[in-house]
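Here is a short report on helix packing and aromatic pairs. Look over the model, then read on.

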Amino acid sequence: MRLSGLQREVLSLYRSCLRASRKKPADTRPHFESFARAEFEKNIQINKKDFAAIEFLVRRGRRALEMYSSPSIKDIR
């Protein structure tokens, strides 16, 4: 199955979130992983053809990833 550019972008963001969680302390890593999973699952019902909403969520996700990737953030709830 071939993925569209937007689908690849969403998967790339998800993988980036999981990679960033590996840089966090081992005891809080599951918190970051479950947070990322919950955020993606929260928006899973969005229509695949609603490009504006998906692009908005990807931009918002990238900003959140940038913020949570900061070494000063040790835990998330």
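A crossing is left-handed if the near helix is turned anticlockwise from the far one by less than a right angle, and right-handed if clockwise. Helices are DSSP runs of H or I with at least four residues, numbered from the N terminus. H1 passes H2 in a right-handed crossing.

This is a predicted model: local features need pLDDT of at least 70, and side-chain atom pairs count only at pLDDT 80 or more. Side-chain values use heavy atoms, without hydrogens and water.

H1 (residues 5-21) packs against H2 (residues 29-42) at about 165°, and the axes are 8 Å apart. Axes are lines fitted to C-alpha atoms over the stretch in contact, with angles from 0 to 180 degrees between N-to-C directions. H1 and H2 are therefore roughly antiparallel (over 145 degrees).

Contact means heavy atoms within 4.5 Å. On the H1 side, Val 10, Leu 13, Tyr 14, Cys 17, Leu 18 and Ser 21 take part; they meet Arg 29, Phe 32, Glu 33, Ala 36, Arg 37 and Phe 40 of H2.

The whole structure holds 2 aromatic pairs. Rings of Phe, Tyr and Trp (its six-membered ring) pair if their centres lie within 6.5 Å; planes over 60 degrees apart count as edge-to-face.

| Pair | Centre to centre | Between planes | Type |
|---|---|---|---|
| Tyr 14 and Phe 40 | 4.9 Å | 80° | edge-to-face |
| Phe 35 and Tyr 68 | 5.5 Å | 80° | edge-to-face |

Tyr 14 lies in H1 and Phe 40 in H2, so their pair ties together parts 26 residues apart in sequence. Phe 35 in H2 and Tyr 68 in H3 (residues 51-68) are 33 residues apart.

Key:
Residues numbered from 1 in each chain as written. Helix = DSSP H or I, 4+ residues; strand = E, 2+ residues; numbered from the N terminus. Parallel < 35°, antiparallel > 145°, perpendicular 65-115°, else oblique. Phe/Tyr/Trp six-rings, centres within 6.5 Å; stacked < 30°, edge-to-face > 60°.
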